[in-house]
Amino acid sequence: MTRFQQLIAKNQAALSTHRKTVNVVMLSLTGLLTLLALIPLFWIIGYVVYRGGKSINLDFFFHLPRPLGMAGGGVLHAIEGTLVVTLLAAVFAIPPGVLAAFYAVRNPNTPLGVALRFSTDVLSGVPSIVIGLFAYAIMVKPMGHYSGLAGGVALAILMLPTIIRTTEEMLKLVPHALYEGSLALGAPEWKTSLSVIFPAALNGVITGFLLAIARAAGETAPLLFTTLGNERYDIMGIIRNGILQHQSFFQIFGRLVNQPVDSLPLTLWKYAQQPYPERIDQAWAVALVLMILVLLINIFARLWIETRKRRLQG
Amino acid sequence: MHTHAKTLSEAQLLKRLRRCFQHGDRPWQGILITISILIMVLILAIGWMLWRESADARSLFGLKFLLPTSDASWDPVNDHFQAWPFIFGTLLTSLVAILLALPISLGIAIFLAELCPEWLRLPLNWLVELLAAIPSVVYGLWGIFVFLPLVVAPVGQALANTLGHIPGLGLLFTGPMPQSGSSRLGAALILTIMIIPTITAVTRDVLLAIPNHQREASLAIGATQWETIWQVVLPYSLSGILGAVILGLGRALGETMAVTMVIGNSIEGTPSLLRPGYTMASVIANEFAEAVTKLHTQALIEVGLVLFFITLLLNMIAQLLVWRVARRTPQEARA
């Protein structure tokens, strides 16, 4: 025991019982509150696994919806829609996000760098429904119809702050010596950034992308009036028709993204409001798929980032 | 300069050009700066587009659109719109959620930052953050079929029977509680669960950033651990905690899907927590895709504009508060 600790021990012996009780009660209260907050987490996960597990099957993944009363319908349209929209969003958001992260890392204290980080933080607080309205105003209204493209833009804006922030964190972890070494060999800054720093941070950066994509895949509000929903969306059908009609690649691609599409969260929302038990069951199954997707990506990404941080920080 | 360069040989010109571009670094810097500025402009663009797209509604209804009234009408058939019921619903549910979430989050943050053994800290952090990772529609689905009937309905009934009879305060708790449980109370409770991770994470980081000598000094003069936390650590981190609360408030104001699914979506005159209501976000989510008249669309966009401005303001304040704490103790921060 150090002298300091002895002093504390002596003082503690002289404490009045009242103060001791308050201490113990309040400290255990904080632990209880932590447990309290975890109840809904396990309750939600447990219940979704239970209800979703009962109604999930292979048809669910491989078939388009069928009319009520017919067995064997699935949500293939929504799975495909989610894929298309989130991939579009990733393509739109990742390049600018990474470049902005490069700027933020190299210029943390310039006025523009501070302003960039500030506006990134503020952008991440803009409600997703407002971003949906914005995407409606800049995409749907001028184009005159709802489309997967508009949904992709909305989700891209939503992903941007996450991508910038996680990429910045990962770039920061790359040892400064690598940067200096490359510059000392005569490589220009852009080459250093793209072919030395970026590859060194790549694993972590990709993890960050995955986190952002997982988050975007679970979003509903920005898609309500950008992608709208489309129960007949069928990628294979569109591609087959396109090839049969000798359409070019760009025409087929255009037809994939330039029409209303559905997504898993959107389908969940619609089904949950319907009075039919089959639809409710499917809503739970969608919830299960969404939750597994999001939780798995989250857990693995965090594990990965944590080990990487440990290794780099020694 | 230009005329001078003409007289140089080609090799010299190339050299000068290369120096000017610094082997591609100038364009690279240019690209980075352009992208960064574009991202900043994005926020302005959002505000500007919403402002422009709601022009007719703004000029037609003016301030009456926002001001509190007891008999507000939202009437797409006769093109008459007043947003007060939604603003009220948003404010009421978010404030109740903050009041409930703050003590819980504070407790969790204290536990995580001050008391928790090292091996438990990381898993607990993750679990609390997973709460934020669950998609909002999943919360909504769980809310409709599990949380509302099993928790909210009985709690609401109990509140109506007890607090509902107190004059004044009772206005907030007048029943009858709907059988399904769909109510502002349900929305507020779901919001509470959803913003706990936000407030907890920021508060925990703020607490961890407080220099250890503050704690040691307090313990050394004989304070108990709780007294140290309550009288030294918390006052020291007050502005950061305030920032966390405002961030949580911003999140609660903008939360859409879960709230839309549990709040019942009706415009009612009563201010009661136990009755169904509407929030700004949920009215947009419910009506926008089906809005037929131009004015209806514009009125909904104006609601979005109001929501945007409120959250923008709150977020700016919160970021400044959190940054102040974070910058005050950068070197002394505990790992």
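Trainee: Which domains does the domain assignment give for chain A?

Mentor: Bear in mind throughout that this is a predicted model. The C-alpha centres of the two domains of chain A are separated by 40 Å. As for their bounds, the domain assignment of chain A gives domain 1 (3–50) and domain 2 (56–313).

Trainee: How many residues of domain 1 of chain B are in contact with domain 2 of chain B?

Mentor: Chain B is divided into domain 1, which covers 9–53, and domain 2, which covers 58–328, and the C-alpha centres of these domains lie 40 Å apart. On the side of domain 1 of chain B that touches domain 2 of chain B, the residues by class are three nonpolar, one polar and one charged. Domain 2 of chain B brings five residues to the contact, and the number from domain 1 of chain B is five.

Trainee: Is chain A spread out or compact, and what is the radius of gyration of chain A?

Mentor: Chain A has 13 helices and zero strands, and along its principal axes the C-alpha trace spans about 85 × 60 × 35 Å. For 314 residues the globule rule gives 20 Å, and the value for chain A is well over that, so chain A is more spread out than a compact globule, with a radius of gyration of 25 Å.

Trainee: What is the radius of gyration of chain B?

Mentor: Chain B has 14 helices and two strands, and its C-alpha atoms fill a box of roughly 95 × 70 × 35 Å along the principal axes. The globule rule gives 20 Å for 335 residues, and because the value for chain B is well over this, chain B too is more spread out than a compact globule; the radius of gyration is 26 Å.

Trainee: What percentage of the residues in chain B are buried?

Mentor: For chain A, buried residues make up 44% of the 314 residues, and of the contacts between residues at least 6 apart in sequence, 77% join residues at least 24 apart. In chain B, residues 24 or more positions apart account for 75% of the contacts with a separation of 6 or more. Of the 335 residues in chain B, the buried share is 48%.

Trainee: Which helix of chain B gives the most to the side of chain B that touches chain A?

Mentor: The contact takes 69 residues from chain B and 71 residues from chain A. By class, the chain B side has 50 nonpolar, 17 polar and two charged residues. With 15 residues, the helix that gives the most to this side is the one at residues 25–53 of chain B, namely helix H3.

Trainee: At roughly what angle do the axes of helix H4 of chain A and H3(B) cross?

Mentor: On the side of H4(A), which runs over residues 76–106, the contact is made by Pro96(A), Leu99(A), Ala100(A), Phe102(A) and Tyr103(A), and they meet residues of H3(B) including Ile31(B), Ile35(B), Ser36(B) and Ile39(B). By class, this contact has 10 nonpolar, one polar and no charged residues. Crossing angles of 65 to 115 degrees count as roughly perpendicular, and H4(A) and H3(B) are therefore roughly perpendicular to each other. Their axes come within 8 Å, and the crossing angle is roughly 110 degrees.

Trainee: Is His246(A) buried or exposed?

Mentor: His246(A) lies in the loop between helix H10 (235–244) and helix H11 (249–257) of chain A, and its phi, near 55 degrees, is a positive value in a residue other than glycine. A residue with 12 or fewer C-beta neighbours counts as exposed. Because His246(A) has 7 C-beta neighbours inside 10 Å, it counts as exposed.

Trainee: What is the value of phi near which Asp79(B) lies?

Mentor: Asp79(B) is found in the loop between strand E1 (74–75) and strand E2 (80–81) of chain B, where it counts as partly exposed because it has 14 C-beta neighbours inside 10 Å. Asp79(B) is a residue other than glycine with a positive phi, near 55 degrees.

Trainee: How far apart in space are Trp84(B) and Ser73(B), C-alpha to C-alpha?

Mentor: Trp84(B) belongs to helix H5 (residues 84–115) of chain B and is partly exposed, with 19 other C-beta atoms within 10 Å. Leaving aside residues up to four places away in sequence, Trp84(B) touches Leu66(B), Leu67(B), Pro68(B), Thr69(B) and Ala72(B). Trp84(B) and Ser73(B) are 11 residues apart in sequence, and their C-alpha separation in space is 8.9 Å.

Note on methods
Residues numbered from 1 in each chain as written. Chains lettered and ligands numbered in written order. Predicted model: local features only at pLDDT ≥ 70, side-chain atom pairs only at ≥ 80, totals over all residues. Domains from an automatic or database assignment. Contact = placed C-beta atoms within 7 Å. Nonpolar A, V, L, I, M, F, W, Y, C, P; charged D, E, K, R; others polar. Helix = DSSP H or I, 4+ residues; strand = E, 2+ residues; numbered from the N terminus. Buried ≥ 20, exposed ≤ 12 C-beta atoms within 10 Å, placed from the backbone. Rg over C-alpha atoms; globule rule 2.2 N^0.38 Å. Axes fitted to C-alpha atoms, helices over the stretch in contact; angles between N-to-C directions. Parallel < 35°, antiparallel > 145°, perpendicular 65-115°, else oblique.
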